[in-house]
Each structure stands twice: as C-alpha cells, then as structure tokens.
Amino acid sequence: MNLAKCPYCSKKITYPEAWHLKKKLKFLCSECKKNSIPTLGVSGKIIGGTIAIISSLLSVLSFFVLRAGVFVLALMLFLIFVLFFLVFPFFIELTKTEKLN
Ligand SMILES: [Zn+2]
C-alpha cells in the first residue's frame, strides 16, 4: 500500500500527514507549498462500504445467531473500526485544486 503523493511535485506524504488530512479540506505541500484537495479514493470508499456492511451483518449475526452479549458485539465493532482507521490514510488521494474549478 502506498500513501498519497503531492500532485504537483510528487512528494510522498507521511502517515501522520495522511491521518490528519481526514479532518482537513486542503493539503499544503511542505515541499512546493502548493495546495491540493484530499479525497477518499474509490478503493477507500469500497472498503468503507464493505466495513459498514460487515459490521451491520455482525450485529445481526451476533444478536440473533451467536447470542453474544453486547460487550462482545461492541468489542468486535470497535476492532473493525480500529482496523479501518489504521488503513484509512492509505486511501487518501490528492487532487490539484484547479481541477475542481
Ligand atoms: Zn508538492
């Protein structure tokens, strides 16, 4: 898995930078000082959707089939979301600001 690159100078962003991007509307490159727009790539959307489906299936399964307690269910959902947030920065893509205008 690769982290996003600056669309202007191809400087790779770091993991913490990608992590913080999810809260930001713009990314300022430390190398060329140009702004780009962080977006979630297609694969990120697919994975996010899959995780949403899996977690709802898990809720139903554990509640009706496994008869697991609320604690087990919460723990499973928590682990799924932790996993998603760990891989999330790899799915961020950077787009040049001009493209959106
Ligand atoms: Zn740059």
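Start with the sheet. In this predicted model, select β1, β2 and β3: they form an open sheet of three strands, lined up in the order β1-β2-β3 with antiparallel pairing. If sheets are new to you, strands pair through backbone hydrogen bonds, either parallel or antiparallel.

Which strands sit at the edges? Color residues 27–28 and 92–96 to find out: these are β1 and β3, and each pairs on one side only.

Now zoom in on β1 together with β2, which covers residues 35–40. The two run antiparallel and are joined over two bridges. Click Phe 27, then look across to β2 for its bridge partner, Ser 36.

Next, follow the chain through the hairpin of β1 and β2. There are six residues between the strands, and Lys 33 is worth a click here, as it takes a positive phi near 60°.

Hop over to the other pairing. How many bridges link β2 and β3? The count is five, again in the antiparallel sense.

Time for the helices. Select residues 42–65 for α2 and residues 70–87 for α3. Two packed helices are described by the angle between their axes and the distance between the axes. Here the axes come within 10 Å and cross at roughly 170°. An angle over 145° counts as roughly antiparallel, so α2 is roughly antiparallel to α3. The crossing is right-handed.

So what meets what? Show side chains for Ile 51, Ile 54, Ser 55, Leu 58, Ser 59, Ser 62 and Phe 63 on the α2 side. On the α3 side, show Val 72, Leu 73, Met 76, Leu 77, Ile 80 and Phe 84.

Is Val 87 buried or exposed? It has 12 other C-beta atoms within 10 Å, and because 12 or fewer counts as exposed, Val 87 is exposed. Val 87 and Trp 19 are 68 residues apart in sequence, yet their C-alpha atoms are 9.6 Å apart in space.

Note on methods
Residues are numbered from 1 along each chain as its sequence is written. This is a predicted model: local features need pLDDT of at least 70, side-chain atom pairs count only at pLDDT 80 or more; totals for chains, interfaces and linings use all residues. Axes are lines fitted to C-alpha atoms, for helices over the stretch in contact, and angles run from 0 to 180 degrees between N-to-C directions. Helices (H or I, at least four residues) and strands (E, at least two) are DSSP runs, numbered from the N terminus. Angles under 35 degrees count as roughly parallel, over 145 as roughly antiparallel, 65 to 115 as roughly perpendicular and the rest as oblique. A crossing is left-handed if the near helix is turned anticlockwise from the far one by less than a right angle, and right-handed if clockwise. Two residues are in contact if their C-beta atoms, placed from the backbone, lie within 7 Å. Two strands pair if DSSP finds at least two bridges between them. A residue is buried if 20 or more other C-beta atoms lie within 10 Å of its own, exposed if 12 or fewer, and partly exposed in between; C-beta atoms are placed from the backbone.
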